[in-house]
Amino acid sequence: MFFQQIINGITLGSIYALTAVGYTMVFGILELVNFSHGSVYMFGAFLCLTLMTALGLGFFPAFIISIVITGMLGIVIDRLALLPLRRKNAPKVASLISTIGISIFLQNLVMVMWGSETKNFPLALNLGHIQFNSFRISYLQMIILLTSLILMMGLTLLVKKTKIGKAMRATAQNMEAAKLMGINVNLIITFTFFLGAALATVAGVMVGMYYQSVDPMMGFMAGLKAFAAAVLGGIGVLPGAILGGLIIGVSETLAAGYIHSGYRDAIAFAILIAVLLIKPTGLLGQKVQKKV
Amino acid sequence: MLQVCNISTYYGNIQALKEIDLEIKEGEIVTLIGSNGAGKTTLLKTISGLIKPKTGSVKFNGRQITSLDAPEIVKLGISLSPEGRQVFPKMTVGENLELGAFIRKDNKEIKESFQRIYELFPRLHERKNQVAGTLSGGEQQMLAIGRALMSKPKLLLLDEPSLGLAPMLVETIFELIKEINQQGITILLIEQNARMALMVANRGYVMETGKIVLQDDAINLLESDGVRKAYLGE
């Protein structure tokens, strides 16, 4: 039972982590909590489902297309709802409210287009499971874990080693100095939104497969938990988002298994509050030091 | 090489630069002196495209650059080492320098530039794997200048390179400025340390509350009564 819960928790946590990196990357660069991120995750899952059911595409083409289109949606959100505010040097809270507006808009758009009821997500990859003595791992769980792991490692490499990754870090650390290096800061922000939305789509589709259902409100709680994961690990810190996601996923399934399933959401936020009280910067976050 | 013509820049309703004219010829060291709040930094930011002027024009090698954004101006060969160093604190010295060469694609030549910077600043070579935020003030200043040089600029803008440094280091920095200039890079230097600046410069401009009030050869400025009283403390 314990191992089973841990495995379920890690699977769920790796999906939270994929969503959390989107929050953390945008925050790192713009110091903005992008509250539309949960709705983007939901939109990606719905789009993939529609491509499969309405257009009859196979799972993989539908998956890829939905990643690209939702990634572009991320760019459109930045261009339409955030860039005009940045241009005017509007206070950060204006952008924050703007992202909440986008979130509500997306939820309602999906409800208008596809209805508000929960939709069945076809089991695209029915592959069975491996049975151990006391627990079992489904192949789907392994695929989710492996996909998350590969994407997370890829993202870490991208940010650490590539030219665009270095430009992203430079923009996050000092936007004005980044401009002086010849970095096109708006292009970097565009790329960051694309990347975050694309990863959120992967997460949304995998959750759809895992629970075999999607609904227009699925992004709300998942978005909040992924945000909690990003804050728990230290917002703006990439490994922190991954660690935070895993902790929240595991603690949630343990709470559901050992206490009561009604507490599964409460426990994630209880842990967040406890950690922040002891270490306000989050587990891997550091205080920003500025030398004058 | 650089012609600043009739530039006025505003922060909101506050006019920070009032009809500034300034010219730099190839190979020169030109210094801009003046007290805090005179608008020196604003002028450099306007030249490098971080702020847009309300009126006036900036020409570089005959080309209008007034409306260009900062990244494009860097590509044309103007590089700014900003006030307060502004290094990327969580990246290593090597990564900071690498970002300085962001606009360049010639990997072989970039390697040579690294060597040249490390020869100019041996301290940076010793610390190349150290995170920039942990460097001392002087080392950060060297890094900021080195990073600005990595873009292979034709014109280097230096904003208060001696600020907050120990007197010994100040002399080192000024020696380096002369050396950089001898390697063929034109320099516009902003300084509060007016005496040192005028000693290395060919020509100087004096700024007061957003206006240029005096301009002359550096030697003449060093000897002029007004400058001596106001900026050299005599």
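In which sense do E6(B) and strand E7 (residues 155-159) of chain B pair, and over how many bridges? E6(B) and E7(B) pair in the parallel sense, over four bridges. Helices (H or I, at least four residues) and strands (E, at least two) are DSSP runs numbered from the N terminus, and two strands pair if DSSP finds at least two bridges between them.

**About the model**
- This is a predicted model, in which local features need pLDDT of at least 70 and side-chain atom pairs count only at pLDDT 80 or more, while totals for chains, interfaces and linings use all residues.
- Residues are numbered from 1 along each chain as its sequence is written, and chains are lettered from A and ligands numbered from 1 in the order in which they are written.
- Chain B has a mean pLDDT (the predictor's confidence in each residue, from 0 to 100) of 90, with 99% of its residues at 70 or more.
- For the complex, the predictor gives an ipTM of 0.90 and a pTM of 0.89.

**The sheet of chain B**
- An open sheet of six strands runs in the order E6-E7-E8-E3-E9-E10 (chain B), with mixed pairing.
- At its edges are strand E6 (78-81) and strand E10 (211-217) of chain B, each of which pairs on one side only.
- From one strand to the next, the twist averages 15°.
- Ser79(B) has Leu156(B), in E7(B), as its bridge partner.

**Helices across the sheet**
- Helix H1 (residues 40-47) of chain B lies across E3, E6, E7, E8 and E9 of chain B, at about 150° to E7(B).
- Helix H7 (residues 167-182) of chain B lies across E3, E7 and E8 of chain B, at about 160° to E8(B).
- For these angles, axes are lines fitted to C-alpha atoms, for helices over the stretch in contact, and angles run from 0 to 180 degrees between N-to-C directions.

**Where the chains meet**
- In total, 17 residues of chain A are in contact (C-beta atoms, placed from the backbone, within 7 Å) with 24 residues of chain B.
- H6(A) gives the largest share of the side of chain A that touches chain B, five residues.

**Helix H6 of chain A**
- Eight of the 11 residues of H6(A) are buried, so this helix is largely enclosed by the rest of the structure. Buried means 20 or more other C-beta atoms within 10 Å of the residue's own, with C-beta atoms placed from the backbone.
- Among the buried residues are Lys166(A), Met168(A) and Arg169(A).
- The buried residues of H6(A) pack against helices including H1 (2-30) of chain A and H3 (93-100) of chain B.

Key. Two residues are in contact if their C-beta atoms, placed from the backbone, lie within 7 Å. A residue is buried if 20 or more other C-beta atoms lie within 10 Å of its own, exposed if 12 or fewer, and partly exposed in between; C-beta atoms are placed from the backbone.
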